[in-house]
Amino acid sequence: MADTPDAKDLERELKKKEKAREKEEKKLKALEKAKKLQAQAAASDGSKKEKKVKKRITEDENPEDFIDPVTPDGEKKQLSSQMAKQYNPSIVEKSWYAWWEKSKFFVADENSSKPPFVIVLPPPNVTGALHIGHALTAAIQDAIIRWRRMSGYNALWVPGMDHAGIATQVVVEKKLMRERKLSRHDIGREEFVAEVWKWKDQYGGTILTQERRLGASLDWSRECFTMDEKRSVAVTEAFVRLHKEGLIYRDNRLVNWDCTLRTAISDIEVEHKELKEETFLKVPGYSMPVQFGVIISFAYPLEGGLGEIVVATTRIETMLGDVAIAIHSEDERYKHLHGKYAVHPFNGRRLPIICDNDLVDPSFGTGAVKITPAHDPNDFEVGKRHKLEFINIFTDDGRINRNGGPQFEGKPRFEARVAVIEALKAKGLYRDCQKNEMNLGICSRSNEVVEPMIKPQWFVSCDEMARLALEAVKSNKIEIIPQQYQDDWFRWLNNIRDWCVSRQLWWGHRIPAWYVTLEDDPIKDIGSYNDHWVVARNEMDAISEAKSKFNGKEFKIAQDPDVLDTWFSSGLFPLTTLGWPEDTADFRAFYPTSVLETGHDILFFWVARMVMLGMKLGGDVPFRKVYLHPMIRDAHGRKMSKSLGNVIDPLEVINGISLENLHKRLEEGNLDLSELAVAKEGQKKDFPDGIAECGADALRFALIAYTAQSDKINLDIQRVVGYRQWCNKLWNAIRFAMAKLGDNYTPPASISLQTMPPVCKWILSVLNKVVLKTVSAMESYKFSDATSAVYFWWLSQLCDVFIEAIKPYFFNDSKEFENQRAASRDALWICLDTGLRLLHPFMPFVTEELWQRLPQAEGSCRKESIMISDYPSVVEEWTNDQIENDMKIVLEAVTKIRSLRPATDKNEKRAVFTLCRAIKARDLIENYEFLITTLASLSSIKIFGENDAAPTGCAIGVVNEHLSVYLELQGALNAQAEREKLRKKKLELQKQHMNLKKKMEAAGYMEKAPPSVQEEDAKKLTALMEELDIVKEAEMDIEKAINGDTK
């Protein structure tokens, strides 16, 4: 295509301008050189003077000036007159929390006109100590609540503790046995419960004290306990109301039974151990390991001399409770046995051969399945379908009862396992034993093997409430984040089973049900007749209920000795913490709460139950959003386990700990010698030098940053250490600022952007961007995006660019930079004040300490604490896209220049030549010459055009299609290495060009891609071609240098 007149005119104009500039440059060259030498000399002189002053100051320093005075407990922290030269987390994090708490900064006002924002802390167990999961929960929730509080909300974060029925009872029982050699049965229920309360008052709640160490800004004035008086009344009320509506009932059903604790346990307390082959495991109460991971085949004789039928089981002892044998109706092998019977070899019980196509897979094993309805979930359903007898063969402590027959009665179940095998062998009925993969249920509290047992228990009917909970998520009344867990929610609630809420414990909420024994009842044992129960709020109401139910009859009543499942009271927590069932001011102001934040592992056990109970009893969803955080693993992705030595105690990360003391902690546990050796080796490998002191701020920031891993977090302590080092960078930034601002600096009420140097305009513009990104990320619960944005701005833009860029303005007090110094001070103060407030929700301690040191703005009424100050918002006039685009190229040029320096370079000042292929590139270099010189540590920058000869002895870097840089290396140039760099760059550009071209030539691109995308792609393609040409030219120049060609 021929050049247009406009194009020719433009080219002539460009050439004229270039010649004019060259002429002007020659005239001013000597003057510029003299001026630069003078400036360098002044700077050098200033630098020398500064060093002398620093030396003199160091000699005159009083060490006491760097030490914080002692602060009385609860008073505002008294800071040293001089900032310490290094960040020390243990000193920085001291005293602030007690002052925040005493000042009631955490307390929400139920009468406030501000919009409410409420989080209920998932109540940790009263027995618990802080673990890394609690630290993650506290870090996320505190970041949310501090951000909302600073953003103008009436923010309430409610603390509480769970009575943890099983866990607490186990702890106190062990203490009782250890100290007094007594069991709970020896001292009786009343005295035992008194012992538990005594233990709770003395030791319980340690974890809430530890939450303070993390900086958790909980409203302690509203602290509650699931078994305090108000919560106990609420639990009783909930039970009574649900029972009246027919949603709580009593029935004989299969439950998870713990033979050591002698109670039913919830699914969440059952851990599943995967066994791939025959395995011998230690089981409480047995001196020898017990065999698992095998399946045993044996034969049942058929009635009438029809032979035998072979079945298989992983729990051979349960054959003592077999009541039938199931086959598939279409299985040709057994069609002749329809309606026939097998005979139990030990008790003569007739076992009907039944057809059950739902249960039996004819291709698996022998195609015949033994049925034990009282001890297997699948068999339980078969028993109901076929109206079979339910025979329980175990006592509560796991021994064979009289239903198992005199030959085995009294034997512990796993001893009975061996005895049954021997008895089958003696009768010639034993057939085979093969390894078998299986999931073995283990109680997490006692390490007992869980036994399915049929027991009379109280159950909550869940179908109706589950439908409401399903609809709440479908209609977006509740949003689950991350969204991937919505499918799990729907799947679980669509297949929900009724919930067993009774536990055979002494510690917990006593079930408000009384058994009525009538004078004329043939059997007087409690629970003998299911219709003899009454439910009431207290004993007097129970007597009234009984009189009404059994009018005119003589009776006695006795309260159910069982207690409620801990998850029942926990499920009511969003209601009860705010005062339900009373119509309290808190309930009116704060229910429903705003967000429930917890681990995804208790989505069903706790979250779903809170939604069901909250909607049923509270009249609305208990929270609007559910945020599920990842589960924490070690750096290698392994589950944390004491036996692996990879359990991380957050307080040990905060305070630091030596490898020796890590080993001591293991030795204080209950690991056997072989496990201890493995655990110590694991610690030695992962923490060869122990764990460095990181502080709460660094730990919090790291944990929040890790939430990008939505399923599980592989926690590497070195990343926490990295954030602790970053805290030091923040500390030094404030130290620099305090020195440059000076003692008499007062921030202005407003600033004049127009008079500011470009770098000041830029830092305020990118500050706007990070505020916008952070707020947007917090609102969308993308917490790692928020931490990434804040971290990048502080480290890469404020510290690495802005602070470095303004340093030359402060080398001396010369009038040349007076305006720049003033503007830089103002911009620096704005950045530090805004940046600290932006960072505060993630790192509360260090930001409070540094913010308190900043001077106060003129005419402002600054809040007492950073935590009640306003969270930053975007200041529209600061946004400057042009400056940001310019600085993007400037920083790319600086990075490119730095990369050209040889590895042996001692950062000596070198000259750079810039090849500008467009007027805008030349203007950019001229406008930002001082900044590029400063950041790239250069002696000078010279511009040359395409028609000028390229300088020799230079390393070459291509910034973009309009700009290349040539770093003068004065004999230090390694031409071969430069050629290799250019070759790699050329290959990279060719690959990008090929991929983009392929995308643009793909079928459907022209029709499907929006015009704006096509236009952008076309520009990219042109730019890549131009950049490729530049690299090829640079290659030719290097080749000439290598070959000694100077033409």
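The structure described is a predicted model. In these terms, Arg 262 is placed in the loop between β5 (248-258) and β6 (263-265). The phi angle of Arg 262 is near 60 degrees, which is a positive value in a residue other than glycine. Arg 262 has a relative accessibility of 38% and therefore counts as partly exposed, as this class covers values between 20% and 50%.

A positive phi also occurs at Ala 164, where the angle is near 50 degrees, again in a residue other than glycine. Ala 164 belongs to the loop between β3 (160-161) and α5 (165-180). With a relative accessible area of 4%, Ala 164 is buried, since buried residues are those under 20%.

Strand β22 (residues 513-518) provides an example of an enclosed element. In β22, 6 of the 6 residues are buried, so the strand is largely enclosed by the rest of the structure. In a regular strand the side chains alternate between the two faces of the sheet. On one side of β22 are Ala 513, Tyr 515 and Thr 517, and on the other are Trp 514, Val 516 and Leu 518. Both of these faces are covered, and each of the residues named is buried.

The pairing of β22 involves strands β23 and β24. With strand β23 (residues 533-535), β22 forms 3 bridges in an antiparallel arrangement. Within this pair, Val 534 of β23 stands opposite Trp 514. With strand β24 (residues 555-559), β22 is joined by 5 bridges, also in the antiparallel sense. Here Lys 556 of β24 is the bridge partner of Thr 517.

Pro 482 is situated in the loop between β19 (479-481) and α13 (485-494).

An unreviewed UniProt entry lists residues 976-1035 as "domain: Valyl-tRNA synthetase tRNA-binding arm". Over residues 976-1035, the chain is 92% helix and 0% strand. The C-alpha atoms at the ends of this region are 11 Å apart.

Terms used:
Residues numbered from 1 in each chain as written. Predicted model: local features only at pLDDT ≥ 70, side-chain atom pairs only at ≥ 80, totals over all residues. Heavy atoms only, no water. UniProt positions renumbered as here; feature names shortened; annotations may be inferred. Helix = DSSP H or I, 4+ residues; strand = E, 2+ residues; numbered from the N terminus. Buried < 20%, exposed > 50% of the residue type's maximum accessible area, 1.4 Å probe, protein only. Pairing = 2+ DSSP bridges.
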